[in-house]
Amino acid sequence: MHGIYYYLEPLFMVFLMLVTTAALYMGIFKADHTSTSFSKKIFSGIASGVFSMVAWSFLYSHHCLGW
Amino acid sequence: MNTISTATYDMNRSSIFSTLYSLKAALPGLLAMFFIAIFSNNLVGVPNPFTLQNLFAWLDGVIGPLNHQSFFQIMNANFVWNPLLMGLIIGNLFGVPNAWKRGLSYIHLMMPLGIIMLAPHFMIGHASKLGFMPILICVAAMFITATVTLYTGRLLKLDDRQTSIIAGGLSTGDPHAGVILMPLIKAKGGQVVGASACVILFGIIAMLILPLVGPLVGIPDKYFGLAAVTTVGNGAQSLFAAFGQSYEAGRYATWFDVGRHVIMPAGFIYVFVVMFIRKLKNKGNTNVHATGDIKTFPIWLMVFIFFWALACLHLFRQPAAHAIFNMVQWDFSMAAAALGLSLPLREIAHDGIKCFAVTCIAGCIRMVLLLAAILLCVKTGLLPA
């Protein structure tokens with residue numbers, strides 16, 4: 001990892017985590033509807049974010065460490 | 001949009017981007033395309049091993065090589081077909097929510113963008129090693145195939161949009177060239193996938209027939225490689241046919257394949273130009289659908305041709321060309337996912353038999369003409385043994 005990729009790859013990792021969070025938030029928890037309660041939105045946001053981080057950490061770990 | 005609503009829209013919009021949907025409206029569809037893309041292909045930057053591409057590669061290992069070729073390569077599995085297949089399965093099994101449709105409409109932006117970025121992939125100079133006659137045969141094969149296919153489609157009264165897609169796929173040898181022609185011809189998604197499937201199917205038939213015909217015609221192994229490249233179909237199918245003849249023919253097919261590859265853009269531009277002129281000459285004819293409401297030569301196609309010319313002059317450095325091709329894979333993966341999602345299976349099967357008949361007739365005429373031409377060139381010494 002060198003040159004511009006030194007910046008692009010971590011940024012892309014953040015992007016992957018964000019889009020996965022958004023997909024889980026809207027697709028699995030369906031928390032984007034206006035009728036959804038505030039507490040459910042907060043819970044769904046945190047749960048989606050945590051799941052996304054765990055999943056991508058696992059994939060990046062496999063990719064970079066080659067286990 | 002009527003005059004009043006156009007005026008209101010013009011007053012309210014703040015920038016040229018006002019024509020786009022808001023992020024909130026487009027996000028579900030864009031996310032669907034994105035996730036189908038990253039679970040279909042090994043795209044640069046994504047460390048996801050659970051892809052359809054890897055599954056096919058693993059299955060290829062299980063099946064083993066067929067005449068030195070992978071089964072899924074013969075079936076034309078690539079960065080366009082994989083997401084298309086996955087989108088097709090998801091869309092037809094589970095349906096597509098209305099919330100996705102605005103995002104999926106971004107396919108109309110992504111396709112021209114992908115085609116423009118494809119320009120540095122084709123460097124004509126790479127074919128110069130083949131020599132004048134093989135290049136001439138490759139070029140003639142492409143234009144003759146396209147012309148014969150367009151005439152056959154007209155004779156059999158197949159929809160001109162579908163005929164154009166078959167012409168693009170058969171003449172360039174890559175069935176997915178039809179996807180490139182889609183925004184130019186204004187073809188329906190079902191027509192594109194149906195026509196491309198027919199081209200793949202014909203390629204499989206041709207790759208089995210050619211090694212049987214080869215010994216009867218008496219073309220030497222070296223030029224049987226050239227015949228396989230110009231008469232069969234995609235790269236893997238051509239190599240299957242050539243290796244079916246002999247190892248020598250297969251090695252020469254690998255050598256000659258570049259001649260077919262680098263001139264591909266000329267094939268689909270030719271089909272577009274022919275159909276565009278035909279439409280301009282037949283204004284008011286209800287049977288002429290190809291190129292739809294395109295009134296002038298598309299600017300983005302001029303941009304593509306401009307960049308293709310620059311690429312041929314070697315103005316793109318190779319690392320840049322490779323990096324741009326990675327972006328093409330991203331772009332087409334997402335566009336193909338959207339295409340697959342928005343296609344009911346019955347649309348693909350529409351006019352299927354007629355479409356296949358046009359492909360087979362044009363493909364067989366092409367095969368006979370080229371075998372005769374190559375044999376003649378060998379006998380007269382134009383193609384030295």
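1. The largest cavity in this predicted model has a volume of about 110 Å³, where a cavity is a set of points, on a 1 Å grid over the protein atoms alone, at which a 1.4 Å probe fits but cannot get out, and the volume is the space filled by probe spheres set on those points, joined across faces, edges and corners. A search of the whole structure finds 1 cavity of 30 Å³ or more.

2. The lining (residues with an atom within 4 Å of a point) comprises 15 residues, of which B:Ala141, B:Ser171, B:Val229, B:Thr230 and B:Arg260 are the closest to the centre of the cavity. Two or more lining residues come from each of α8 (132-155), α9 (160-172) and α12 (221-231) of chain B, helices being DSSP runs of H or I with at least four residues, numbered from the N terminus; α8(B) gives the most, with 4 residues.

3. By class, this lining has 7 nonpolar, 6 polar and 2 charged residues, with Ala, Val, Leu, Ile, Met, Phe, Trp, Tyr, Cys and Pro counted as nonpolar, Asp, Glu, Lys and Arg as charged, and the others, Gly among them, as polar.

4. Turning to the interface, the contact (heavy atoms within 4.5 Å) takes 13 residues from chain A and 13 residues from chain B. The area buried between the two chains, that is, the accessible area (1.4 Å probe) lost on putting them together, summed over both, is about 1100 Å², and carbon and sulfur atoms give 87% of this area. On the side of chain A, A:Phe12, A:Met26 and A:Leu59 supply 35% of the area buried against chain B, more than any other three residues.

5. Between chain A and chain B the count is 0 salt bridges, a salt bridge being a side-chain nitrogen of Lys or Arg within 4 Å of a carboxyl oxygen of Asp or Glu.

6. Residues are numbered from 1 along each chain as its sequence is written, and chains are lettered from A in the order in which they are written. Local features need pLDDT of at least 70, side-chain atom pairs count only at pLDDT 80 or more, and totals for chains, interfaces and linings use all residues, while side-chain values use heavy atoms, with hydrogens and water left out.

Conventions. On a 1 Å grid over the protein atoms alone, a cavity is a set of points where a 1.4 Å probe fits but cannot get out, and a pocket is an open set with protein on both sides within 12 Å along at least five of seven lines; lining residues have an atom within 4 Å of a point.
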